[in-house]
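Here are my notes on the model you sent over. Have it open in your viewer while you go through them.

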Amino acid sequence: QVQLEESGGRLVQAGESLRLSCTPSGFSGYAFAWFRQTPGTEREFVAAITWGSDRTKYADSVLGRFTISKDDATNMVYLQMNNLKPEDTAVYFCNAGILTRSGKYDYRDYWGQGTQVTVSS
């Protein structure tokens, strides 16, 4: 059984930092990504990382502020978010998929329950 579980979301002030965690279980050979969603909108890609080669991909809106990483020892995926802005407010989801060599992230229908990040101005 495959499962993704996110944690770490909370209320922060603009300019602060926050780290989200994702615990994948039951997956092999997948890349992992973070998406975010606000009410009434589609889920937006944020960042992805491959498990073997550590290739990464970021949305332009978070490039330079967010860093996706993984820990091989604990089998966890992280999203370090710095200099948070009110427009980063969303529910953040962990996803399993494929990050192609051409840099395209193809998500698969594996999602966690999401964790709420709220950034106040």
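The points below go from the ground rules through the overall fold to single residues.

1. Ground rules. This is a predicted model, so local features need pLDDT of at least 70 and side-chain atom pairs count only at pLDDT 80 or more, while totals for chains, interfaces and linings use all residues. Numbering starts from 1 along each chain as its sequence is written, and side-chain values use heavy atoms, with hydrogens and water left out.

2. Secondary structure. The protein chain has 11 strands and 0 helices; these are DSSP runs numbered from the N terminus, with helices being H or I of at least four residues and strands E of at least two. In sequence order the pattern reads β-β-β-β-β-β-β-β-β-β-β.

3. Overall dimensions. Along the principal axes, the C-alpha atoms fill a box of roughly 40 × 30 × 30 Å.

4. Burial and surface. Of the 121 residues in the protein chain, 40% are buried. Here buried means under 20% relative accessible area, exposed over 50%, and partly exposed in between, with a 1.4 Å probe and protein chains only. The accessible surface comes to about 6,400 Å², and carbon and sulfur atoms account for 46% of it; areas come from the Shrake-Rupley method with a 1.4 Å probe, and for residues only the protein chains shown count as cover.

5. Contacts and charges. Taking contacts (heavy atoms within 4.5 Å) between residues at least 6 apart in sequence, 56% join residues at least 24 apart. The protein chain carries 12 positive and 13 negative side chains, with the centres of the two sets 4 Å apart. Lys and Arg count as positive, Asp and Glu as negative, and His and the chain ends are not counted. Each charge is placed at NZ of Lys, CZ of Arg, CG of Asp or CD of Glu.

6. The disulfide. The count is 1 disulfide, a disulfide being a pair of cysteine sulfur atoms within 2.5 Å. C22 and C94 form it, with their sulfur atoms 2.0 Å apart. This pair ties together distant parts of the chain: C22 is in strand β3 (residues 18-25) and C94 in strand β9 (residues 90-99), 72 residues apart. The link is left-handed, with -80° about the S-S bond, and both C22 and C94 are buried.

7. Two positive phi values. N75 is not a glycine, yet has a positive phi of about 60°. N75 sits in the loop between β7 (66-71) and β8 (76-81) and is partly exposed, at 35% relative accessible area. N83 is also not a glycine, and has a positive phi of about 50°. N83 lies in the loop between β8 and β9 and is partly exposed at 41%.

8. The loop between β2 and β3. E16 lies in the loop between β2 (11-13) and β3 and is partly exposed at 34%. The C-alpha atoms of E16 and N82 are 6.3 Å apart, across 66 residues of chain. A14 lies in the loop between β2 and β3 and is partly exposed at 39%; beyond its neighbours within four places, A14 is in contact with L84, P86, V119, S120 and S121.

9. What does A31 touch, neighbours within four places in sequence aside? A31 is in contact with I49, T50, N95, A96, G97, I98, L99 and Y105. A31 is found in strand β4 (residues 31-37) and is buried, with a relative accessible area of 5%. Its C-alpha atom is 8.7 Å from that of Y105, 74 residues apart along the chain.

10. A partly exposed strand position. T67 lies in strand β7 and counts as partly exposed at 41% relative accessibility. Apart from neighbours within four places in sequence, T67 is in contact with Y58, Y78, L79 and Q80.
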